Amino acid sequence: MPPIVANALAGEPGAGRVIVTQPRRVAARAGASRLRALASQTTPALARRVAYTVRGDSTLTRDSLVEFVTPGVLVRRFLADPELVDVSAIVLDEVHERSLDSDLALAFALDVRDLRGDLRLLALSATLDAERFAGLMGEGVPGPVPVIDSPTALFPVETRREPFASRMSERGVSREFLAHAARVAVEALEEPGELADCDVLVFLPGAWEVEQVAAHLRTALPQVEVMTLTGSMSLRDQDQVLTAPTRPRVVVATSIAESSLTVPGVRLVIDSGLAREPRLDRGRGMTGLVTVRESRAAAIQRSGRAARLGPGVAVRCLAAEDWAGMDAEPAPEIKHADLTGPLLTLSCWGAPCGEGVALPDPLPPDQVRDAVEQLRVMGAVDEQGRPTRWGRRL
């Protein structure tokens, strides 16, 4: 998609960069690497014009034509340079994940589009409520926003179920369930057939669970390479997982591998059915990560990881009746997180309390009230919700 957009804009006078957002740092770097590899096969000079910028690392140069960034980087760019005069198009990928930064990036991009008139915006997702987002992006624009549906090129996926009676204990994910998830992976690998020598991707909610299951698998499968993939790993270790394997392996990962990334060689997915999402603890006034049931959209995304190279199998560690109780989409972070930081960002953008910006969901009034009061106590905003000098410095 980014090269198509860049080529379409190439003939316009003063055409600028195409920015592409990815929900995580590893995905932004992997996207840039993939595009460079594709371009180098036909036009090496263009390959050098693909860059990425994530927190603490950037390959951006004056000649860059396509730049992959995280939503947080784009939000900071908007605050530093609200018009983004050197950018002609913004491609917002995986917008269904609904992180706070992703929602803010979309809202600010819509403001800049209305201000400039020549900024092109695209929102991409495999599981998006497209008509709803088209309506949001089309407000104030003459004519309907086009919705482009690109049929998937996935191979068929066989879905199986291996439920477990109690996935959670008082202290979180139970050790018994983690042993069950590891056992399911071992049994699926040892089953005779065409998937016997394929790579396996196991989804778990967090880094602790990833390490526990990986330890089980290393004991049970000493002849198989067991690797982990989490957001806290070093860039070098993440890159190693995303490199085409030379022998069968099992990759145990968090939701970092759910979208935007393709772990090569995978045709078997084991899905714990659990995810970790931010929730506001009102008693402590802090946001923490809570283990919850994944959404149906997340389950579909995860199973699709098994069908990129050939017919695959997805094993879900949940019962058939659990499906009806799962949310259709992941919970928007804006509904549950601490809004102190986002409201200060909105205030610095010129939208105190979020007034006048086109967010996909309205801000919860009670959380806005609490966050604004906290910002006032800190001296970050005045009585009208506008940022003080101290607030802008923060």
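Glutamate 162 sits in the loop between β7 (157-161) and β8 (168-169); helices here (H or I, at least four residues) and strands (E, at least two) are DSSP runs, numbered from the N terminus. With a relative accessibility of 34%, glutamate 162 counts as partly exposed, a label for values between buried (under 20% relative accessible area) and exposed (over 50%), using a 1.4 Å probe and protein chains only. Its contacts, leaving aside neighbours within four places in sequence, are His180, Val184, Val315, Arg316, Cys317 and Leu318, where contact means heavy atoms within 4.5 Å. Glutamate 162 and histidine 180 are 18 residues apart in sequence, and their C-alpha atoms are 9.0 Å apart in space.

A word on the ground rules: this is a predicted model, in which local features need pLDDT of at least 70 and side-chain atom pairs count only at pLDDT 80 or more, while totals for chains, interfaces and linings use all residues. Residues are numbered from 1 along each chain as its sequence is written, and side-chain values use heavy atoms, with hydrogens and water left out.

Let us turn to helix packing. Two packed helices are described by the angle between their axes and the distance between the axes. Helix α7 (residues 175-190) and helix α8 (residues 207-220) have axes that come within 9 Å and cross at roughly 50 degrees; such axes are lines fitted to C-alpha atoms, for helices over the stretch in contact, and the angles run from 0 to 180 degrees between N-to-C directions. The two helices α7 and α8 are therefore oblique to each other, given that angles under 35 degrees count as roughly parallel, over 145 as roughly antiparallel, 65 to 115 as roughly perpendicular and the rest as oblique. On the α7 side, Arg175, Leu178, Ala179, Ala182, Ala185 and Val186 meet Trp208, Glu209, Gln212, Val213, His216, Leu217 and Ala220 of α8.

How do the axes of α12 and α13 cross? They come within 9 Å and cross at roughly 75 degrees, and that makes α12 roughly perpendicular to α13. Thr340, Leu343 and Leu344 of α12 make the contact with Val368, Ala371, Val372, Gln374 and Leu375 of α13.

Buried in α13 are Gln367, Val368, Ala371, Val372 and Leu375. Seen down the axis of α13, these buried residues fall within an arc of 130 degrees, so they line one face of the helix. Arg369 and Val377 are exposed on the other side of α13. The buried residues pack against β14 (274-281) as well as α12 (340-349). After α13 comes glycine 379, with a positive phi near 80 degrees.

Most residues other than glycine have a negative phi. Cysteine 353, in the loop between α12 and α13, has a positive phi of about 60 degrees although it is not a glycine. At 31% relative accessibility, cysteine 353 counts as partly exposed. Leucine 84 also has a positive phi, near 45 degrees, and is found in the loop between α4 (71-80) and β5 (87-92). Leucine 84 counts as buried, at 3% relative accessibility.

Terms used:
The arc is that of the directions from the helix axis to the C-beta atoms.
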